[in-house]
Amino acid sequence: QLLWLRTNYDTVIDSSRLGRLIRGFRSQKGIYKPTGSAYALWVRQTLRGVYPDEEPRYLPDGSWTYRYSPEGREGRIDMNLDTNKALLRSMEDRIPVGVMRQVPGASGSRAYQILGLAFVERYDGTHFVLRGEPISWIDLPIPERVPVPFKPFEEGPERLAPQLRRLRDQRFG
């Protein structure tokens with residue numbers, strides 16, 4: 001999901017298509033934290049949202065910052081909500097989140113601009129400050145609490161890869 005959000009940055013996509021492509025998009029607004037995950041997967045801003053999110057600020061190096069409001073209850077920020085805690089964990093462990101903003105679509109339809117991936121730089125007391133692209137995957141330190149990085153079976157041992165490919169092709173067929 002993060003790779004898809006990263007490769008489709010700065011595109012505008014109809015909300016019905018996003019509902020088919022992005023996990024949780026149909027059911028969740030604001031911050032999406034998958035069940036069982038310690039981290040948020042993405043955040044989205046809607047045009048008629050109740051939170052005072054701010055416009056992204058684009059910087060000369062191609063990066064951007066975006067001040068995103070935490071979720072709340074009864075008009076007050078509640079940092080004890082699982083979604084807000086998930087963004088704080090993403091900040092602590094340097095796990096990127098996807099960022100989407102609603103824009104007016106063609107002929108009144110709902111569409112979202114994919115800003116790309118961002119790191120939660122800090123929480124300033126009123127907003128999460130997200131810093132977006134460019135993100136260098138090579139320069140990132142691997143946090144201690146993150147599981148072993150995923151390696152697709154194509155990158156496995158030479159003798160095992162053809163066997164797995166054959167199994168995959170049979171199942172796909």
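Author: Happy to. Let's begin with Trp64, which lies in strand 5. Please keep in mind that this is a predicted model.

Trp64 has a relative accessible area of 3%, and because buried means under 20%, Trp64 counts as buried. What surrounds Trp64? Leaving out residues up to four places away in sequence, Trp64 touches Arg57, Tyr58, Val99, Leu115, Gly116, Leu117, Ala118, Leu130, Arg131, Gly132 and Glu133.

Now step back to Ser63, in the loop between strand 4 (57-58) and strand 5 (64-68). Ser63 is buried too, at 2% relative accessibility. Its side chain makes a polar contact with the side chain of Arg131, at 3.0 Å. Arg131 is also among the residues that Trp64 touches.

From here we can move on to helix 3, which spans residues 82-93. How many residues does helix 3 have, and how far does it reach? It has 12 residues and reaches 16 Å from its first C-alpha to its last, close to the 16 Å expected at 1.5 Å a residue. The buried residues of helix 3 are Thr83, Asn84, Ala86, Leu87, Ser90 and Asp93. Their cover includes strand 2 (30-32), strand 3 (42-45), strand 8 (97-104), strand 9 (110-123) and strand 10 (128-132).

Phi of Arg94 is near 55 degrees, a positive value in a residue other than glycine. Arg94 is partly exposed, with a relative accessible area of 39%.

Which other residue is worth a look for its positive phi although it is not a glycine? Asp10, with a phi of about 60 degrees. Asp10 lies in the loop between helix 1 (2-7) and strand 1 (11-14). Is Asp10 buried or exposed? At 52% relative accessibility, Asp10 counts as exposed, because the cut-off for exposed is over 50%.

To put the pieces side by side: Trp64 is buried at 3% and Ser63 is buried at 2%, whereas Arg94 is partly exposed and Asp10 is exposed.

Methods
Residues numbered from 1 in each chain as written. Predicted model: local features only at pLDDT ≥ 70, side-chain atom pairs only at ≥ 80, totals over all residues. Heavy atoms only, no water. Helix = DSSP H or I, 4+ residues; strand = E, 2+ residues; numbered from the N terminus. Expected span 1.5 Å × (residues − 1). Buried < 20%, exposed > 50% of the residue type's maximum accessible area, 1.4 Å probe, protein only. Contact = heavy atoms within 4.5 Å. Polar contact = N/O pair within 3.5 Å; in protein donor to acceptor, adjacent residues only side chain to side chain.
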